[in-house]
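Dear colleague,

My notes on the helix packing and the pocket follow it.

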Amino acid sequence: MKVLLVDDSPFSLEATQRFLESVSSDISVSTADSMTEAVRDFKWNRPDLVLLDLVFGMDYLMGIDILKEIKRIDSSVPVYIFSANGQEEMKEKCREAGSDGYFVKMTDDDRLRKFLRAEFSKQGG
């Protein structure tokens, strides 16, 4: 399974990439730390799944802009928010923008692991 991980924090990118790869050795993770890089990687690599942080620098809506652009390019690829912001209002904004789900960093790790294993199994992995 190809996963595109989008986050502007180098520490978070590295830690989350290690976490994803620990779920299965057959998960291939590419990373992006900006909207430009995320969109370019999405177009070139066509991941099976996108995990997207919401906050980029001081811009609390950049993640939603990236989500909308990815969905505009190919709405069939699931995009899940993976953010430290667990507020219901933000989750609702993301649903309205087209996200397929929402995971809270450090809180939903077990739920994310189970979800990824289920998705991987669906793909025959």
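Predicted model: local features only at pLDDT ≥ 70, side-chain atom pairs only at ≥ 80, totals over all residues.

Which residues in α1 meet which residues in α5? F19, L20, S22 and V23 in α1 meet D109, L112, R113, L116 and R117 in α5, where contact means heavy atoms within 4.5 Å.

Residues are numbered from 1 along each chain as its sequence is written, and side-chain values use heavy atoms, with hydrogens and water left out.

**Helix α1 and helix α5**

Helices are DSSP runs (H or I, at least four residues), numbered from the N terminus. The axes of α1 and helix α5 (residues 109-122) come within 10 Å and cross at roughly 45 degrees; axes are lines fitted to C-alpha atoms over the stretch in contact, and angles run from 0 to 180 degrees between N-to-C directions. That angle makes α1 oblique to α5, since angles under 35 degrees count as roughly parallel, over 145 as roughly antiparallel, 65 to 115 as roughly perpendicular and the rest as oblique. The contact of α1 with α5 comprises five nonpolar, one polar and three charged residues. In this classification, Ala, Val, Leu, Ile, Met, Phe, Trp, Tyr, Cys and Pro are nonpolar, Asp, Glu, Lys and Arg are charged, and the others, Gly among them, are polar.

**Helix α3 and its two partners**

Helix α3 (residues 62-73) packs with helix α4 (residues 88-97) at an angle of about 20 degrees, their axes being 9 Å apart. That makes α3 roughly parallel to α4. In α3, I64, L67 and K68 meet M90, K93, C94 and A97 in α4. This contact has five nonpolar, no polar and two charged residues.

With helix α2 (residues 35-45), α3 packs at an angle of about 25 degrees, and the axes are 10 Å apart. α2 and α3 are therefore roughly parallel to each other. M35, A38, V39, F42 and K43 of α2 make the contact with M62, D65, I66, E69, I70 and I73 of α3. By class, eight residues of this contact are nonpolar, none polar and three charged.

**The largest pocket**

The largest pocket holds about 160 Å³ of space. A pocket is an open set of points on a 1 Å grid where a 1.4 Å probe fits, with protein on both sides within 12 Å along at least five of seven lines, and lining residues have an atom within 4 Å of a point. The lining consists of F11, S12, A15, T16, F19, F82, K105, M106 and D109. Helix α1 (residues 10-23) gives the most to this lining, with five residues.

Yours sincerely

How values were computed:
Points joined across faces, edges and corners; volume = space filled by probe spheres on them. Helix = DSSP H or I, 4+ residues; strand = E, 2+ residues; numbered from the N terminus.
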